[in-house]
Amino acid sequence: MLVLSLMAAFAAHAATGPEFDAKRLSQDVKVLSSDEFEGRGPNTAGETKTVDYLVEQFKAAGLQPGGDLVKGKRGWTQNVPLGRFEIQGPVTLTLNDGKASQALKQGDDLAVRAAMNGSKLIDFKNAPLVFVGYGVTAPERHWDDFKGQDLKGKLAVVLINDPDFETGEGDFGGKAMTYYGRWTYKYEEMARRGALGTLIVHETAPAAYGWNTVKNSNTNVMYDIVRKKPGAVHAPMEAWIQRDLTVDLFKRAGLDFEALKKQAQTRDFKPVELKGITLSAKYAVDAQVINSKNVVARVVGAKAPNETVIYSGHWDHLGIGLPDAKGDKIYNGAIDNGTGIAALLELARAYGKAPAPARSVVFLAVTAEEKGLLGSEYYASNPVYPLATTVGVINMDALSARGVARDFTISGSAKLDLLDRLIAKGKDWDLSYTPDPTPEAGHFFRSDHFSFAKKGVPAVSFGSGNDWVEGGLAAGRKSKQDYVTANYHQPSDEWSADWSFAGMAHDLGLLYAVGRDLADSRDWPNWAKDAEFRAARDASAAQRK
Ligand SMILES: [Zn+2]
C-alpha cells in the first residue's frame with residue numbers, strides 16, 4: 001500500500017514535467033563505467049570512447065553541437081589543452097637561520113609542487129620569509145592582511161582556512177569555510193601580489209586532512225589548464241610546510257607562533273618578517289602539454305538565445321592505475337561520475353523532446369575534474385558562451401544510484417538565489433534541503449560548479465539526499481559511508497545490476513523544473529550580498545539588462 005500511494009504521488013508530479021527513465025540512467029552508467037572505457041582518463045583511448053558516446057547520445061536527443069567554432073560551424077567539443085608538470089631530479093631545500101644551514105627534506109619538511117608558472121628551473125638563494133597571517137584580501141569584509149607589505153622576492157608564510165575558523169564566529173561565516181580559507185586561494189593571492197612563493201602552514205584541523213594527503217597531492221604530477229599568463233596565478237614556488245618546523249622557525253626568529261596566529265584572527269594584524277631566517281631552493285620541472293576535450297551540446301533558446309542556463313558534470317575519472325587487492329587496475333568511476341553524466345544525458349533527452357525554452361540551455365560534460373577541476377576551469381576561462389549572460393550552473397557529481405530520498409543537498413555551503421529556488425521547488429518533489437554537515441571542509445570549492453562561482457556565475461553542485469523513503473537516514477547514511485570506504489576513487493567503483501536509479505529519476509524532475517523555469521524567465525539570480533562571489537557577478541551587471 002505504501003508503495004502504491006508513493007507511486008501515485010510521483011505520478012502526480014510526473015504530470016507537471018517530463019519522465020526520467022531509470023533504466024536508461026542505468027544503461028548509460030553501465031556503458032560509461034565498463035572496462036572498455038578504461039576508467040575514462042583524459043588523453044587516453046578511454047577519452048575517445050567516452051566523447052564519441054556522449055556525442056552520439058546528444059545527437060540522438062536532438063540537440064545542437066555547442067562547442068568550438070570550426071570553419072564557422074560549431075562542433076560537439078571544446079578543445080582543452082592541459083599542462084602536465086613534474087619535478088625532475090632532486091629538490092634541494094636549504095634553511096639558514098644566520099648561524100647555520102640546514103637541509104630540508106621534500107615530502108617530510110616541505111611538500112613542494114612542480115612549478116606551474118612556466119619556469120623549467122626554480123633556483124633562488126636566501127629568500128626572506130614573511131608571515132602574512134591568513135593571507136586574506138576581502139574588501140567586502142573590510143579585511144586586508146597585507147597592509148601594503150611588499151612580497152617581491154619573498155616567501156609568504158600563510159595559515160590555512162579563514163580567520164574565524166578557530167573561534168567559530170566572526171566575519172568569515174564561522175566554522176564554514178569561505179573561499180579565503182582554501183589553499184588554492186592562498187596560492188592565487190600570493191601570485192597576484194608577486195611573491196616569490198607561498199608556504200602554507202599545515203595544521204590538521206583547519207586543513208581538514210593530515211600531512212600525508214598534503215604530501216601525496218603536492219609531490220605528484222601536477223596539471224593545470226594552459227594559460228596565457230601562468231605567472232598571474234602561480235608564484236614560482238608553491239608549497240606546504242609542517243607546523244612543528246614552522247613553530248621552531250618562529251622561535252629562532254624571536255617570534256611566538258601561537259601569539260601571532262591569535263593576532264592574525266583580527267583586522268589589526270600586520271605581516272611580520274621572520275628576521276634572520278631564509279630559504280634557498282633548487283629543482284627542475286618538466287612541462288608537457290596534453291590535449292583533452294569538453295563535450296558541449298545545446299538547445300538554442302527561442303527568444304533570448306544569447307542567455308544560457310548550464311547543466312554540467314565531469315565525464316573523466318582516474319583511468320588505469322595501481323591495481324587493488326584483486327588485481328583490478330581499471331578505475332571505472334561508475335558513481336564518480338558515470339551517474340552525473342547519465343543524469344546530464346537524461347536531462348538533455350527531456351529538453352530535446354520539449355518545446356525550445358526562451359533562453360538557451362547548454363549541457364556541458366567537462367574533462368579533468370579529477371586533476372583539479374580543469375575542464376570546467378578551462379571553460380570558465382575560455383567560455384564558449386559569455387559568462388555575464390550565463391544565468392546559472394547546475395552541476396552533478398557522484399549521485400546516488402539507489403532509491404528515492406526525501407531530501408537533497410549541495411556540495412558545501414553557500415548563499416545564493418539558485419539554492420533558494422532548489423529549496424522552494426523541492427517541495428513539489430517532496431525533497432527537503434539538508435545542508436552539508438561539514439561546511440568547514442570546504443566542499444563548495446571542490447566540484448566543477450566552483451570554476452564558475454569564482455567568476456561570479458551563480459552555481460551549485462546538486463547532491464543526492466541520504467534520507468531514503470525506504471530505510472530512512474540509517475540506510476542512506478550507511479550506503480554513503482560504504483561507498484566512501486569501499487569504492488570512492490577505487491577500482492571497485494563499478495556498476496551494479498542491483499541499482500534501481502529510482503532516486504536519480506525522481507531528483508531529475510526537480511533539476512529539470514528549476515533549470516526550465518530559469519530558461520523560460522527573465523530572472524537573473526545572484527549571490528547573497530555578503531557572498532565572496534557577489535562582487536565578481538555585479539561587475540558585469542551592465543551586460544544583463
Ligand atoms: Zn566527481
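The following conversation goes through selected features of one predicted protein model.

Q: Before we start, what are the ground rules for this model?
A: The model is predicted, so local features need pLDDT of at least 70 and side-chain atom pairs count only at pLDDT 80 or more, while totals for chains, interfaces and linings use all residues. Residues are numbered from 1 along each chain as its sequence is written, and side-chain values use heavy atoms, with hydrogens and water left out.

Q: Is His314 buried or exposed?
A: His314 is buried, with a relative accessible area of 0%. Asp397 is also buried, at 15%. Buried means under 20% relative accessible area, exposed over 50%, and partly exposed in between (1.4 Å probe, protein chains only).

Q: What kind of peptide bond joins Asp336 and Asn337?
A: A cis peptide bond joins them, with omega at about 5°. Asn337 lies in helix H9.

Q: Let's move to helix H2. Which of its residues are buried?
A: In H2 (residues 22–32), the buried residues are Leu25, Ser26, Asp28, Val29, Val31 and Leu32. They pack against helix H3 (45–60), helix H9 (334–353) and helix H14 (502–520).

Q: Why would residues three or four places apart point the same way?
A: An α-helix has 3.6 residues a turn, so residues at that spacing point the same way.

Q: What does Ser26 touch?
A: Leaving aside neighbours within four places in sequence, Ser26 is in contact (heavy atoms within 4.5 Å) with Trp495 and Phe501. Ser26 has a relative accessible area of 13%.

Q: Which residue caps the N-terminal end of H2?
A: Asp21 does, with a side-chain oxygen 2.8 Å from the backbone nitrogen of Lys23.

Q: Now the rings. How many aromatic pairs are there?
A: A search of the whole structure finds 31. Rings of Phe, Tyr and Trp (its six-membered ring) pair if their centres lie within 6.5 Å; planes under 30 degrees apart count as stacked, over 60 as edge-to-face and the rest as tilted.

Q: Can you give an example or two?
A: The rings of Tyr379 and Phe452 have their centres 5.7 Å apart and their planes at 45°, so the pair is tilted. Tyr379 lies in helix H10 (residues 374–381) and Phe452 in helix H12 (residues 449–453), so the pair ties together parts that are 73 residues apart in sequence. Both Tyr379 and Phe452 are buried. The rings of Tyr483 and Tyr488 have centres 6.3 Å apart and planes at 70°, so that pair is edge-to-face. Tyr483 is buried at 14%, whereas Tyr488 is partly exposed at 40%.

Q: Where does the charged end of Arg359 sit?
A: The charged end of Arg359 sits over the ring of Trp524, 4.4 Å from its centre. Lys175 lies over the face of Phe165, at 4.3 Å from the ring centre. A charge sits over a ring if NZ of Lys or CZ of Arg is within 6 Å of the ring centre and within 35 degrees of the ring normal.

Q: Last topic: where is Asn43, and what is its phi?
A: Asn43 lies in the loop between H2 and H3. Its phi is near 65°, a positive value in a residue other than glycine.

Key
Helix = DSSP H or I, 4+ residues; strand = E, 2+ residues; numbered from the N terminus. Polar contact = N/O pair within 3.5 Å; in protein donor to acceptor, adjacent residues only side chain to side chain.
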